[in-house]
Amino acid sequence: MRVRRLGWAGLEIEAGGERLVIDHVRDLSPLFTGWKPGEGLVAPSGQAAAALVTHLHRDHTDASALADALTPGAPVLRPAPGHGDDVDNVTTLPAERELVRHRLAAEIVDAWSTCEVGRFRVTAVPAVDGLGDPQVNWVVEADGQRVFHGGDTMFHGWWWLVARRFSPFDAVFLPANGAVVDAPHLQPPSPLPAALDPRQAAAAAEILNARHAVPMHYETEQPHKIPGYVEVGDPEGEFRTHAGQRARVLAVGEWLDLAM
């Protein structure tokens, strides 16, 4: 099995000539002001048999990108929709509507549920979203190897349960930008980052017993985020410091071959 970083939180995973994508997007304009299409993101190298999404924020679920990346009828595995009114779900409704508009085969999954997609065995595991929206993380297994994708989860108490059930991991891909979010509909703002910071990501990688720990969910080439979204200054450098020898920083578009 090998894994390619597609940019932001996007991954392409390949095994035996089959592939799936996780949180693949090609449009970051909802998060980056002045974002230029094509910067900081790459497309999958071929058609995917399935898409996994951790949650329905537009920087993690891009229905247009998925429609082009997937084989016809391929499933899009996703968490449940949020509860409440349109204000409660303001950050997920655009992606919800786009999934319907592009007629994608979206399937709702629960935490701890497992399914087989071609050569891949995928399990949704618990995660905690910094804005309170439904989120899962993903464990993907193929060819005797195992990877973890952490979306943009916060630190939580399920790490140890995930580790008991699945560790060790050949590679874990974890958010590391430690974003502090000050959104108009979430006041007063949380004193905690809405995604793992580098130190927390390194701690999660240690708990999960990862051979390779790869930071994601940050971009050094896009300095202008939406107002109220503030990241740590040097996610890569801080992650290397805290994660030590297990740290493996991938450039956008770079592959990690887990058989090596």
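Reader: Let's start with Asp23: does it count as buried or exposed?

Author: Keep in mind that this is a predicted model. Asp23 counts as buried, because its relative accessibility is 0% and the cut-off for buried is under 20%.

Reader: Where is Asp23 found?

Author: Asp23 is in the loop that runs between β3 and β4. Its phi is positive, near 50°, and the residue isn't a glycine.

Reader: Why would I flag a positive phi there?

Author: Most residues other than glycine have a negative phi.

Reader: Which value does phi take in Trp112?

Author: Trp112 has a positive phi too, about 80°, and again that's not a glycine. You'll find Trp112 in the loop between β6 and β7 (114–117).

Reader: You mentioned α3. Which of its residues are buried?

Author: Helix α3 covers residues 159–166, and its buried residues are Trp159, Val162, Ala163 and Phe166. They're on the same side of α3, because they cover an arc of only 100° around the axis.

Reader: What's on the other side of α3?

Author: Arg164 and Arg165 are exposed on that other side.

Reader: And what do the buried residues of α3 pack against?

Author: Their packing partners are β8, β9, β10 (145–149), β11 and α4.

Reader: Now α5. Which residues are buried there?

Author: In α5, residues 235–243, the buried ones are Pro235, Phe239 and Ala243. Looking down the axis of α5, these buried residues fall within an arc of 40°, so they line one face of the helix.

Reader: What covers them?

Author: The cover for the buried residues of α5 includes α4 (198–207) and β13 (210–216). Just after α5 there's also Gly244, which takes a positive phi of about 65°.

Reader: Switching to the core. How many residues does the largest nonpolar core have?

Author: The largest nonpolar core has 40 residues. Those with the most contacts inside it are Ile13, Leu20, Phe120, Val122, Trp138, Val140 and Phe173.

Reader: Which strands supply at least two residues of this core?

Author: That would be β2 (10–15), β3 (18–22), β4 (50–52), β8 (120–126), β9 (136–142), β11 (169–175) and β13. β9 gives the most to this core, with four residues.

Reader: What other core lies apart from it?

Author: There's another core of 21 residues, including Val172, Ala202, Ala204 and Ala213.

Reader: What's the lining like by class?

Author: For the largest pocket, 14 lining residues are nonpolar, six are polar and five are charged.

Reader: And how many cavities of 30 Å³ or more does a search of the whole structure find?

Author: One. The largest cavity has a volume of about 40 Å³. Its lining is made up of Leu56, Arg78, Pro79, Ala80, Pro81, Gly82, Thr92, Glu96 and Pro134. By class, the lining of the largest cavity is five nonpolar, two polar and two charged.

Reader: Last one: what is Ala106 in contact with, leaving aside its neighbours within four places in sequence?

Author: Val76 and Arg78. Ala106 and Val76 are 30 residues apart in sequence, yet their C-alpha atoms are 4.5 Å apart in space.

Reader: Which strand is Ala106 found in?

Author: Ala106 is in β6, residues 105–108. With a relative accessible area of 38%, Ala106 is partly exposed.

Technical notes. Residues are numbered from 1 along each chain as its sequence is written. This is a predicted model: local features need pLDDT of at least 70, side-chain atom pairs count only at pLDDT 80 or more; totals for chains, interfaces and linings use all residues. Side-chain values use heavy atoms; hydrogens and water are left out. Ala, Val, Leu, Ile, Met, Phe, Trp, Tyr, Cys and Pro count as nonpolar, Asp, Glu, Lys and Arg as charged, and the others, Gly among them, as polar. Buried means under 20% relative accessible area, exposed over 50%, partly exposed in between (1.4 Å probe, protein chains only). The arc is that of the directions from the helix axis to the C-beta atoms. Contact means heavy atoms within 4.5 Å. A nonpolar core is a set of buried Ala, Val, Leu, Ile, Met, Phe, Trp, Tyr and Cys residues joined through side-chain atoms within 4.5 Å. On a 1 Å grid over the protein atoms alone, a cavity is a set of points where a 1.4 Å probe fits but cannot get out, and a pocket is an open set with protein on both sides within 12 Å along at least five of seven lines; lining residues have an atom within 4 Å of a point. Grid points are joined across faces, edges and corners, and a volume is the space filled by probe spheres set on the points.
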